[in-house]
Amino acid sequence: MDGILNVLKPPGMTSHDVVQWIKTILEEKKVGHSGTLDPGAAGVLPVFIGKATKIIPYIYQDRKIYRVEIIFGKTTDTQDRFGKVIKECTPYFSLNDLEYSLNVFTGVIEQKPPIYSAIKINGKKLYEYARKGQSIEIPKREVVIHNIELVHHDLPYNAYLNIECSRGTYIRSLCRDIGEFLGCGAYMGFLLRISSGIFSISSSYTLEEIEFKYKNRSIKDILLPIDFPLKNYSKIEIKESAKKSLENGNPIYPQGIISDMKKYHKGTFVIIYCNEQLLALGEILYDKEKERCYIKPFRVLK
């Protein structure tokens, strides 16, 4: 079985738990996911099966959209509702104050990831330091907050936001920072990922639905093709005579290519097909000596 499942991850499971569940139910050995979700969060989790696991590092998932509840007046050590309260403050701010803070945190911002996260520093995950009570300097990183929309509020106690952001953004940390800006602290109460790149919650499936489809031999009805998230790559068709060479990882020159190479530039990433079957991901390179472009595969889907 080769393809992608757009899973609606339930709260209470880690992303790894979901992968293990899919492995067991579908009786598949090669299963992976992209875009880790916190155990307490729910929402879109793309799960890749079989040959599809090979494209995980190459898919475009820069933009993500979340629905989050931010709770004001308390700060926790994990920056969400599962942590220990380390500071309390009576919130006192207006709707205008909140809207102004959302504008402040829109755009390119610096963010300090939470200590309870899987980011590695000096070969160890941050949460490993946290569990041992060890302190570690966490460097800030740049992320992009494309848009923050105030959906609903019960000020000054909580608010629901839609956040469109770049890959690598920690929504927990954003909630903390907004709370600190407003002078009262805050933590993340609820998180739902609405979309991750091309994957949307409107076309996702629960674990129960996936199990039902599999047991009724209709899993292919919801299994997305491997090239579904590769829309940003140009498509190139090669000749049958070049297929074996490509599968062995060799470069393919114009005599083995059906597509018009003149419209591609050096450095263009491409997805390579033969008889409409996806075979590999590659890059257009230029041979100065022979003055011609050719395809160099960097991931063959064997």
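Guide: Happy to! Buried means under 20% relative accessible area, exposed means over 50%, and partly exposed is what lies in between (1.4 Å probe, protein chains only). Ile284 counts as buried because its relative accessibility is 0%. Please keep in mind that the model is predicted: local features need pLDDT of at least 70 and side-chain atom pairs pLDDT 80 or more, while totals for chains, interfaces and linings use all residues. Residues are numbered from 1 along each chain as its sequence is written, and side-chain values use heavy atoms, with hydrogens and water left out.

Ile284 belongs to strand β16, which covers residues 277-287. Helices (H or I, at least four residues) and strands (E, at least two) are DSSP runs, numbered from the N terminus. What does Ile284 touch, if residues up to four places away in sequence are not counted? Its partners are Ile236, Met261, Tyr264, His265, Lys266, Gly267, Thr268, Val270, Cys293, Tyr294 and Ile295, where contact means heavy atoms within 4.5 Å.

Asn275 has a positive phi of about 55°, although it is not a glycine. Most residues other than glycine have a negative phi. With a relative accessible area of 57%, Asn275 is exposed, whereas Ile284 is buried at 0%.

Now let us step back for the setting. The protein chain has six helices and 17 strands, and 46% of its 302 residues count as buried. Its C-alpha trace spans about 70 × 50 × 40 Å along the principal axes. Among contacts between residues at least 6 apart in sequence, 66% join residues at least 24 apart.

For a sense of distance, take Gly168: its C-alpha atom is 29 Å from that of Ile284, and the two residues are 116 places apart along the chain. Gly168 lies in the loop between β11 and α4 and counts as partly exposed, at 27% relative accessibility. Sequence neighbours within four places aside, Gly168 is in contact with Gln111, Arg141 and Val143. Gly168 and Val143 are 25 residues apart in sequence, yet their C-alpha atoms are 6.9 Å apart.

What does Ile171 touch, again not counting residues up to four places away in sequence? The answer is Tyr66, Val68, Ile163, Cys165, Met188 and Leu191. Ile171 also belongs to the largest nonpolar core, which has 28 residues; Phe72, Leu98, Ile163, Ile171 and Ile178 touch the most other members. Such a core is a set of buried Ala, Val, Leu, Ile, Met, Phe, Trp, Tyr and Cys residues joined through side-chain atoms within 4.5 Å. Two or more residues of this core come from each of β4 (63-72), α2 (95-104), β10 (141-154), β11 (158-166), α4 (171-181) and β12 (186-196).

Between β10 and β11 there is a loop that holds Pro156. The peptide bond from Leu155 to Pro156 is cis, with omega near 5°. Most peptide bonds are trans.

Rings of Phe, Tyr and Trp (its six-membered ring) pair if their centres lie within 6.5 Å; planes under 30 degrees apart count as stacked, over 60 as edge-to-face and the rest as tilted. The count by this rule is nine aromatic pairs. Tyr100 and Phe181 form a tilted pair, because their ring centres are 6.1 Å apart and their planes meet at 35°. Tyr100 is in helix α2 and Phe181 in helix α4, so this pair ties together parts 81 residues apart in sequence. Tyr100 is exposed at 53%, and Phe181 is partly exposed at 39%.

Phe199 and Phe228 are also tilted, since their centres are 5.5 Å apart and their planes are at 55°. Phe199 is buried at 1% relative accessibility, while Phe228 is partly exposed at 21%. Elsewhere, ring pairs join Tyr58, Tyr233, Phe269 and Phe298 into a cluster.
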